Every structure is written in C-alpha cells, then in structure tokens.
Amino acid sequence: MVSLTFYGGVDTIGGNKILLEDQGTKIFLDFGMNFEEHANYFTEYMPPRKCNCIKDFIHLGLLPDLNGIYRRDYCKHMGLDCEQENTVDGVLISHAHIDHVGYVHFLRKDIPIHVSAETRAVMEMFSRIGASGFEEFTDFRPSFQLIAKKTGEGMKRRTARDGKEERDVRTFEFGKKFKIGSLEVMPCRVDHSLPGATGFIIYTSEGPLIYTGDLRFHGRHKEWSYEFVEKAAEAKPAVMLSEGTRIGEKEARTEDYVQAESTKYIKGKKGLAIANFPIRDSERLLTFYNTAVSNGRKLVIEYRQALLLDLLKEHGVKGLPESTDDNIRVFYAKKSWGLVGRKDFPEDQIEKDYDTWERTYFSRKNIIDAKEISTHQKDYVMFMNYFQLNNLFDIKPIEGSVHIRSICEPFSEDMELDQKRIDNWLRLFKLYPEQRIHSSGHACGPAIFEMIKKINPKTLFPIHTVKPEVFKELKDRNIVYPSYGKQFSF
C-alpha cells in the first residue's frame with residue numbers, strides 16, 4: 001500500500017511538503033515555506049528566532065512534527081533528539097521558489113535533495129546570498145558550536161568563516177529515470193517562471209504517481225509542459241497531484257504580450273523605464289532584455305541577477321544573456337556609508353560598503369551607478385523592485401519616465417497595505433500610476449482541466465490552490481481533497 005501525507009500545499013498556494021511512503025521508502029515532494037502561514041506570525045520586525053526555530057515552527061504548524069529529519073546541530077541546541085537515524089530517503093524539488101524549497105534549510109545534511117541543474121543554480125544563489133539566515137540549501141554551516149581558538153587559548157563560537165559543509169544535493173537529468181529506494185522517478189522538464197522547473201512521474205508499487213509541481217502552457221517553452229503531459233498520460237497513472245494556482249482564471253497572457261505592451265510605454269520616450277519583475281525569473285529578465293535592446297536601450301540589473309546569470313551559465317543553461325553582455329549594466333546601489341560613485345574615498349573603502357560576494361562585480365567594465373543612469377535616462381530599462389524604490393532619490397526620474405509592474409497582483413490584505421505605501425513612492429516621483437503588465441508562471445483553469453483530462457488519472461488530488469472546489473467541474477472523476485496532516489492510501 002502507498003500513502004501520501006500532506007504537510008503543506010493544502011487549501012493554500014505553496015508551502016508544498018508532501019510525504020510519499022511505499023514499501024519502506026519515504027520521500028518528500030518539495031519542502032517549501034507557506035508564505036501566508038509564515039506571515040501570520042512573523043514580520044521584518046519580528047523574525048523567527050534561530051535559537052529555537054525548529055521547536056517554534058513545529059508549535060506553529062509551519063514544520064511537520066516528525067523525528068529524524070531535522071538538522072542535528074539545531075536539534076541538539078534546542079533540546080530535541082539529535083541521535084535518531086535519518087528517517088527520510090530523499091526530497092524531490094520541483095523548482096527553487098521559496099514556497100517549494102524554503103524549508104530545506106532545516107533538514108539534515110545527509111538527506112539527499114534531488115534537483116535539476118538549473119534548480120541547483122538558483123539554490124546556490126540563495127546559499128551564497130543568505131539574506132534571511134535560513135537559506136543553506138546547497139551548503140551547510142554548522143551552528144551553535146564552540147571550537148578552539150587558533151591561538152589555543154579558550155573557545156569561540158563557530159561561524160561560516162570556520163568552514164562550511166556540503167549538503168547531499170544530487171542533480172538529475174531530465175528524461176532519465178533514477179531510483180530512490182523502492183521508487184523509480186522520471187523527472188520531466190516543464191515550463192514555469194523559474195528555470196529548471198520539473199514535473200515528476202513516480203513509479204510506485206500501486207501504479208504511477210504524477211506530481212505536476214508548478215507549470216504553465218503559455219510560456220516561452222510551453223512545449224516542455226505539453227511533452228510532460230504526453231509522458232504522464234502514457235504512464236496511465238493511479239494518482240495525480242495537480243497544482244491549481246489559477247484554476248479559477250480563464251485566460252493566460254504570454255511573454256510576447258509583456259514585451260509588446262511594455263514597448264508601448266517605452267518606445268520613443270525620453271525618460272527612464274523602470275521594470276519590477278521577480279528577481280529570479282530569468283524568462284522575464286530575457287523579456288525585458290529583448291524589450292530594452294529592441295528600443296535602443298540597455299538593461300540595468302542588480303548584482304544578485306548577475307550572479308544568477310553566472311550560476312546558470314556554469315550549470316549549462318543556454319538562451320540567456322551573459323552578465324557581461326554589451327547590452328547589460330550591473331547597478332550598485334548605495335549601501336552602508338553610500339560611497340559608490342564617489343571619488344574622494346579609496347576603492348578599498350568603497351568596497352567595504354558591500355558583502356564579500358557582492359564585490360565580485362566591482363571590477364567589471366559594465367557596472368553602473370545612479371549618477372550615470374540619472375544623466376542618460378533614455379538609454380536604460382532598469383530593474384527595480386519595491387524594496388529599492390529609495391534609489392529614486394539618487395536617480396531623479398524625469399518627465400516621460402515609466403514604472404512597469406510585472407509581478408502578480410496583490411492577493412492579501414497585507415499586500416494591499418503595502419501597495420498603498422508603494423503608490424506613495426510612485427506619486428512622489430511622478431511615476432503613478434504604474435503600468436501593470438504581467439504573465440503568470442501558472443496555467444489557467446482551462447489548461448489545467450485539459451491537462452488532467454489528457455493524463456486521466458484514476459484519482460486526483462488538487463493542491464497548491466485556494467479554490468479546490470473549482471476542480472468539481474471535472475465530472476465523473478475521483479477527486480480527493482487533502483487535509484493537513486492526514487494520511488491517504490491507495
């Protein structure tokens with residue numbers, strides 16, 4: 001008998017943590033953060049306590065209360081059993097969005113994490129940047145340990161400078177089966193708003209199981225998703241876990257739409273074009289790169305995006321511009337003392353405003369500062385997310401400038417409140433209203449229904465949706481609506 005236990009992705013978008021058990025083998029399908037549940041308790045001014053995080057998260061229902069899966073350094077420090085043997089044989093990661101990979105940080109380092117090459121690149125980006133302190137996805141930095149000082153006199157707290165260890169991250173190849181215990185896994189490339197997205201065909205003792213991850217059929221590489229559907233249908237699955245983020249929406253806009261609509265607000269204008277899009281969405285970066293070049297401009301990105309392009313290149317990803325491309329500029333915003341662009345401080349002092357990894361691009365010929373952008377605004381399309389709007393003080397957008405929002409619409413009360421604050425900034429710099437031009441990374445309802453009909457599973461589990469009831473429109477189909485923590489067998 002095969003069982004599924006849902007510790008996330010139930011009646012919500014994201015936070016997928018689904019435990020699959022078969023003949024003694026246990027694997028998780030993703031191990032992500034639920035943004036909505038996380039935000040119910042934590043904010044920027046009340047972040048999680050690292051010193052007690054696993055116990056706190058279990059108490060809040062953010063992590064499943066399971067033995068033997070969490071990192072030993074944390075468990076020992078928090079008074080949890082740290083000697084128990086590993087009880088999970090692996091984790092399949094569909095893609096590297098935080099709602100699918102965000103809680104890998106808390107897992108033991110010896111649990112195999114199976115990923116695509118592109119997903120590994122994005123996870124490495126998180127690990128290098130480590131903005132939240134809970135992003136050790138590909139490496140492992142032991143915490144809460146005392147080690148001897150180099151002088152031999154006394155002890156000190158271990159930090160990342162004292163060395164880090166590697167997680168057991170294993171890269172699979174699309175279309176090539178691999179084994180995890182009694183399970184055989186076929187990873188299939190699908191199209192999504194992040195490179196390396198994967199749908200899985202998992203061969204269990206009771207028949208194949210299909211896990212869609214997140215996917216769409218209207219992206220630049222929609223053929224990948226259609227090929228996955230064909231392979232999934234050929235498998236004649238017993239069970240299918242289908243995402244339903246946009247199950248209630250009837251249409252989907254394309255990347256070509258984003259480029260064409262953006263061009264309407266950029267072509268022939270003398271001002272700066274500012275674009276806010278997901279920082280790790282390489283497809284959207286390519287769209288705005290094409291938009292910039294076709295309008296005689298250069299695309300300004302930040303150094304985190306330059307790092308992502310470099311990592312994707314290292315892992316063999318093609319079809320994207322390189323960070324050194326003649327039509328790309330890497331922007332350094334003011335930090336700390338705000339010395340970038342100043343001539344009255346030596347370079348070594350300017351570099352101290354930035355973390356070590358951030359200094360990587362300082363020697364590049366294509367770096368740019370606010371003064372250059374402000375002086376030649378018609379020459380650039382600039383990436384800028386909402387956390388960076390204070391850079392507008394230095395850039396001073398002129399008349400004819402435009403702000404393009406290419407991210408999802410606000411879908412919660414907190415996001416609506418944030419939008420009011422954002423609108424204040426846009427009004428201040430005469431960029432209001434922003435132009436909302438977006439293409440989702442998720443399939444719309446008709447496409448999801450067509451996918452399910454084509455694959456034709458015996459049993460369907462709707463996940464990753466706030467509207468599971470819409471799936472009832474699929475007549476004469478065995479639909480099981482999962483509950484948090486409840487085990488389902490087939």
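Visitor: At what angle do the axes of helix α6 and helix α14 cross?
Guide: Keep in mind that this is a predicted model. Helix α6 covers residues 222-234 and helix α14 covers residues 445-455. Their axes come within 8 Å, and the crossing angle is roughly 30°.

Visitor: Which residues in α14 do V229, E230, A232 and A233 in α6 meet?
Guide: The residues of this contact divide into five nonpolar, no polar and two charged. V229, E230, A232 and A233 make up the α6 side, and on the α14 side they meet M451, K454 and I455.

Visitor: Are helices α5 and α9 parallel or oblique to each other?
Guide: Two packed helices are described by the angle between their axes and the distance between the axes. Here α5 (residues 117-129) and α9 (residues 303-314) pack with their axes 9 Å apart, at an angle of about 140°. The crossing of α5 past α9 is right-handed. Given that angle, the two helices are therefore oblique.

Visitor: How many nonpolar residues does the contact of α5 with α9 have?
Guide: From α5 come E118, A121, V122, E124, M125, R128 and I129, while α9 brings R304, L307, L308, L311, L312 and E314. Among the residues of this contact, five are charged and none polar, and the nonpolar ones number eight.

Visitor: Let us step back to the whole chain. What is its radius of gyration?
Guide: The protein chain has 14 helices and 25 strands. For 490 residues the globule rule gives 23 Å, and the chain's own value is close to that, so the chain is as compact as a globular protein of that length. Its C-alpha atoms fill a box of roughly 70 × 70 × 40 Å along the principal axes. The radius of gyration is 24 Å.

Visitor: What percentage of the contacts between residues at least 6 apart in sequence join residues at least 24 apart?
Guide: As background, buried residues make up 55% of the 490 residues in the chain. Among contacts between residues at least 6 apart in sequence, the share that joins residues at least 24 apart is 68%.

Visitor: Is L272 buried or exposed?
Guide: L272 lies in the loop between α7 (255-266) and β16 (273-276). Leaving aside neighbours within four places in sequence, L272 is in contact with R297, I373, Q377, Y380, M382, I395, S401 and V402. Its relative accessibility is 0%, and buried means under 20%, so L272 counts as buried.

Visitor: How far apart are the C-alpha atoms of L272 and K396?
Guide: Along the chain, L272 and K396 are 124 residues apart.

Visitor: Which residues does a cis peptide bond join?
Guide: Most residues other than glycine have a negative phi, and most peptide bonds are trans. In the loop between α13 (413-428) and β22 (435-436) we find P433. A cis bond with omega of about 0° joins Y432 and P433.

Visitor: Is K430 buried or exposed?
Guide: K430 is in the loop between α13 and β22. Phi of K430 is near 55°, a positive value in a residue other than glycine. Its relative accessible area is 73%, and the cut-off is over 50%, so K430 is exposed.

Visitor: What is the relative accessibility of D476?
Guide: D476 sits in the loop between β23 (459-463) and β24 (478-479). Phi of D476 is positive, near 55°, and this residue is not a glycine. D476 counts as exposed, with a relative accessibility of 83%.

Terms used
Residues numbered from 1 in each chain as written. Predicted model: local features only at pLDDT ≥ 70, side-chain atom pairs only at ≥ 80, totals over all residues. Heavy atoms only, no water. Axes fitted to C-alpha atoms, helices over the stretch in contact; angles between N-to-C directions. Helix = DSSP H or I, 4+ residues; strand = E, 2+ residues; numbered from the N terminus. Parallel < 35°, antiparallel > 145°, perpendicular 65-115°, else oblique. Left-handed = near helix turned anticlockwise from the far one by under 90°. Contact = heavy atoms within 4.5 Å. Nonpolar A, V, L, I, M, F, W, Y, C, P; charged D, E, K, R; others polar. Rg over C-alpha atoms; globule rule 2.2 N^0.38 Å. Buried < 20%, exposed > 50% of the residue type's maximum accessible area, 1.4 Å probe, protein only.
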